[in-house]
Amino acid sequence: MHHFQFRNGELYAEEIPVKEIARKVGTPFYLYSTATLRRHFRVFDKAFGSLPHLLCYSVKANSNLAVLRLFAKEGSGADIVSGGELYRALKAGIPPEKIVFSGVGKTPKEMREALKAGILMFNVESLGELKTLSKVARSLGKVAPVAIRINPDVDPKTHPYISTGLQKNKFGLDLETALKAYLFAQKDPHLQILGIDCHIGSQLTEVSPFVEALRRVKAFIKRLDREGIKIRYLDLGGGLGIVYGDEAPPPPEEYAQAIIEELKDLEVILILEPGRVLVGNAGILITRVLYYKETPVKKFLIVDAGMNDLLRPAFYKAYHEIVPVSLCKDRPNIIVDVVGPICETGDFLAQDRQLPLVKPGELLAVMSAGAYGFVMSSNYNSRPRPPEILVHRDQYFVIRKRESYNRLVAGEKIPTFLTEDSKLE
Ligand SMILES: *Cc1c(COP(=O)(O)O)cnc(C)c1O
């Protein structure tokens, strides 16, 4: 469910025609819907009902301050993976006591920042990290709240680049090593064991891998109990998938029911770190067709958004539905590659896609671009990154402006030895 719908052949974002926004802000641009973001959060939160739980929105899926503020107002916490995300989450008004810090490579500096802020807990992913965290906490005269991220070795049946809970992945600790980590933390006065964590992957379209992972976590909690280690928070990570094309992921209610069922006999506070499922279908990317081009073997629509704006197709061969913003009736359908201006063969938004023959100057909407869209954008080919626009009913707001050429070179400097007139030796 989302609020990007056609009315009389025109794509609307909530109450505004998308082409009107395009006229004002230019293309390409990301467009998010407040009503959709809010709805997704509420549906997900409600699905867990009266079960004690905390939603920690996964900031990396879409980190715009306005999006974070919207979730903060809904009562969300945050799952962060860097000092930069901590900075954003705090700036957006997410309370530190609702922030969990994930990631395999936290630096001592990031640990210090998070400890000073007073976050809920660190999801620790290695013995080395645990020892470093202890040292940093000691140097600040603090006690670091920790969960150990375990790697349950469950196949999430998703794209290999977004599988994270298999033994061969870099994430989490196998159960034997995790036990060592807990025993280490138990004895360390600068560490306080608060929870256990796992996150097995992203864009999961079945409930069973989550249940399997949860069962392994539960069995491990019993083992910890025998060691006198009590677990207060069980963090099951994120990963619930969305519809991009013909997937049929379980609705949040079904996902929640399966988890609630497993947790009946356990007294823990459940933490979830949803990302994609909250923001994915709440955002689209609008791009303008520049040229139509035919080669002896292929047809191409060349558009003004490229892999620097939306990396997912190039990176994961991800599928995004593409629709004309103004429905063009009576146009023949063609099979085309929709490609960007970047000098890379991998620069495509769609391959061999059936589309009506849209003309140069017309707009296309790349659907389901709200998650891992703008956040993965870059300046490759020295392209200023696109703006992000948030629609609220019949109004729109620029929540990140289009980058200028000036911004492109901000921070760069030509050293003096190159500015001198003399020839280089
Ligand atoms: C990326 C990530 C998430 C969010 O995953 P989604 O598939 O977007 O829900 C949650 N937790 C951790 C640790 C992550 O790395």
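## Burial of Arg383

A residue counts as buried when its relative accessible area is under 20%. In this predicted model, Arg383 has a relative accessible area of 16%, so Arg383 is buried.

Arg383 belongs to a loop. Strand E18 (363–366) lies on one side of that loop in the chain, and strand E19 (388–392) on the other. Ile342 is 41 residues away from Arg383 along the chain.

## The ligand site

The ligand takes up the space of the largest pocket. Around the ligand stand 14 residues. Lys60, Ser202, Glu273, Arg276 and Tyr372 come nearest.

By class, the shell around the ligand holds two nonpolar residues, seven polar ones and five charged ones.

Glu273 reaches the ligand through its side chain. An N or O atom there sits 2.5 Å from a nitrogen atom of the ligand.

How much of the ligand's exposed area does the protein bury? Taken alone, the ligand exposes 390 Å². The protein buries 93% of that area.

Key: Residues are numbered from 1 along each chain as its sequence is written. This is a predicted model: local features need pLDDT of at least 70, side-chain atom pairs count only at pLDDT 80 or more; totals for chains, interfaces and linings use all residues. Side-chain values use heavy atoms; hydrogens and water are left out. A residue is near a molecule or strand if one of its heavy atoms lies within 4 Å of it. A polar contact is a pair of N or O atoms within 3.5 Å; within protein, one must be able to donate a hydrogen and the other to accept it, and residues adjacent in sequence count only if both atoms are side-chain atoms. Accessible areas come from the Shrake-Rupley method with a 1.4 Å probe; for residues, only the protein chains shown count as cover. On a 1 Å grid over the protein atoms alone, a cavity is a set of points where a 1.4 Å probe fits but cannot get out, and a pocket is an open set with protein on both sides within 12 Å along at least five of seven lines; lining residues have an atom within 4 Å of a point. A molecule sits in a cavity or pocket if more than half of its atoms lie within 2 Å of its grid points. Ala, Val, Leu, Ile, Met, Phe, Trp, Tyr, Cys and Pro count as nonpolar, Asp, Glu, Lys and Arg as charged, and the others, Gly among them, as polar. Helices (H or I, at least four residues) and strands (E, at least two) are DSSP runs, numbered from the N terminus. Buried means under 20% relative accessible area, exposed over 50%, partly exposed in between (1.4 Å probe, protein chains only).
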